[in-house]
Amino acid sequence: MKSTTRRTLAAVVTGVAAAVGVSAAPAAAADAIPVPVPLGGAETALGMELPEVTGELPVPTVGAPEGPRYVEGRLLPERTLPQLPVHGGLPGADLRQPVPHVLGDNFDHAALDAPAAGLRTLAPGLSPDVPLTAPRADALGLPAAKLPEAGVAAPVVQTAPVADLGVGPGL
C-alpha cells in the first residue's frame, strides 16, 4: 500500500472516529461543542507549517416564558403571546499562526483567541386587547366600545463578546 493511500485512509478513519465521538456525547450537557479543524495532512502535503484552528459552536437552550397575567379592566390577559427566552452563545474561535521570527527570536507565533460568548435573547411578545370594555353593572352587564389596544414587547439581545490578540513564543 502506498504511503499516500495510507495517509488518506488514516484521515478518513480519524474523521469518522471524530464524528462518532461527537454524536455519542449528549448535546444538552455541553454549553458549546468544540470543532477542531484538522490541518495536519495539509501541512505534510504542502511541506509547510499551517495555523492551528479550533472553534466552538454554542448549543442554544430555550427557557420557560412568563405566562399571561390577568389585569383588571381588560378582557384579554397581558402577554397573550409571551416572550420566549433563548440562551446560547456566539461561536468562538482559536487561531494560532506561526510567524517566521519576524519580530525577533522571542516571538514566533501570532494568536487570536475569541471564546464563545454568552448570548441571552427574548423573542418579541404581544399584548393585545379587544375593542370592548369589561361588562359594566350600570349597562345591565353589557360591555361598551373602546379603541383597540395592542402592546408589542420589543425583542432583547444581550451579549458581551471578548477576544485576545497577541504574539508569543511557541505554539
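What follows is a friendly conversation about a predicted model of one protein chain.

Colleague: Why is Thr-121 called buried?

Modeller: Buried means under 20% relative accessible area. Thr-121 has 18% relative accessibility, so Thr-121 counts as buried. This residue is found in strand β7. Leaving out residues up to four places away in sequence, Thr-121 touches Leu-84, Pro-85, Val-86, Val-156 and Val-157.

Colleague: And why is Val-130 called partly exposed?

Modeller: The class lies between the two cut-offs, 20% for buried and 50% for exposed. Val-130 has a relative accessible area of 26%, and is therefore partly exposed. Val-130 is found in the loop between β8 and β9.

Colleague: Which residues is Val-130 in contact with, leaving aside its neighbours within four places in sequence?

Modeller: Those contacts are Leu-75, Leu-76 and Lys-146, where contact means heavy atoms within 4.5 Å.

Colleague: What makes β7 and β10 a pair?

Modeller: Four bridges link β7 to strand β10 (residues 156-159), again in the antiparallel sense. With at least two needed, they count as a pair because there are four bridges. Here Leu-122 has Val-156 in β10 as its bridge partner.

Colleague: How many bridges are there between β3 and β4?

Modeller: There are two, in the antiparallel sense. The cut-off is at least two, so β3 and β4 count as paired. Val-62 has Val-86 in β4 as its bridge partner.

Colleague: What order do these strands take in the sheet?

Modeller: The order is β3-β4-β7-β10, an open sheet of four strands with antiparallel pairing.

Colleague: Why is one side of β3 and of β10 left without a neighbour in the sheet?

Modeller: Because β3 (61-62) and β10 stand at the edges, and each has a single partner strand.

Colleague: Now the second largest pocket. What is its volume, and which residues are closest to its centre?

Modeller: Its volume is about 200 Å³. Of the 15 residues that line this pocket, Arg-79, Pro-82, Gln-83, Gly-125 and Ala-153 are the closest to its centre. The strands β8 (125-129) and β9 (149-153) each supply at least two residues of the lining.

Colleague: How do the lining residues divide between nonpolar, polar and charged?

Modeller: The lining of the second largest pocket has nine nonpolar, four polar and two charged residues.

Colleague: Finally, what can you say about the chain as a whole?

Modeller: Of its 171 residues, 12% count as buried. The accessible surface comes to about 11800 Å², and carbon and sulfur atoms hold 67% of that. Among contacts with a separation of 6 or more, 64% are between residues 24 or more positions apart.

How values were computed:
Residues are numbered from 1 along each chain as its sequence is written. This is a predicted model: local features need pLDDT of at least 70, side-chain atom pairs count only at pLDDT 80 or more; totals for chains, interfaces and linings use all residues. Side-chain values use heavy atoms; hydrogens and water are left out. On a 1 Å grid over the protein atoms alone, a cavity is a set of points where a 1.4 Å probe fits but cannot get out, and a pocket is an open set with protein on both sides within 12 Å along at least five of seven lines; lining residues have an atom within 4 Å of a point. Grid points are joined across faces, edges and corners, and a volume is the space filled by probe spheres set on the points. Ala, Val, Leu, Ile, Met, Phe, Trp, Tyr, Cys and Pro count as nonpolar, Asp, Glu, Lys and Arg as charged, and the others, Gly among them, as polar. Buried means under 20% relative accessible area, exposed over 50%, partly exposed in between (1.4 Å probe, protein chains only). Accessible areas come from the Shrake-Rupley method with a 1.4 Å probe; for residues, only the protein chains shown count as cover.
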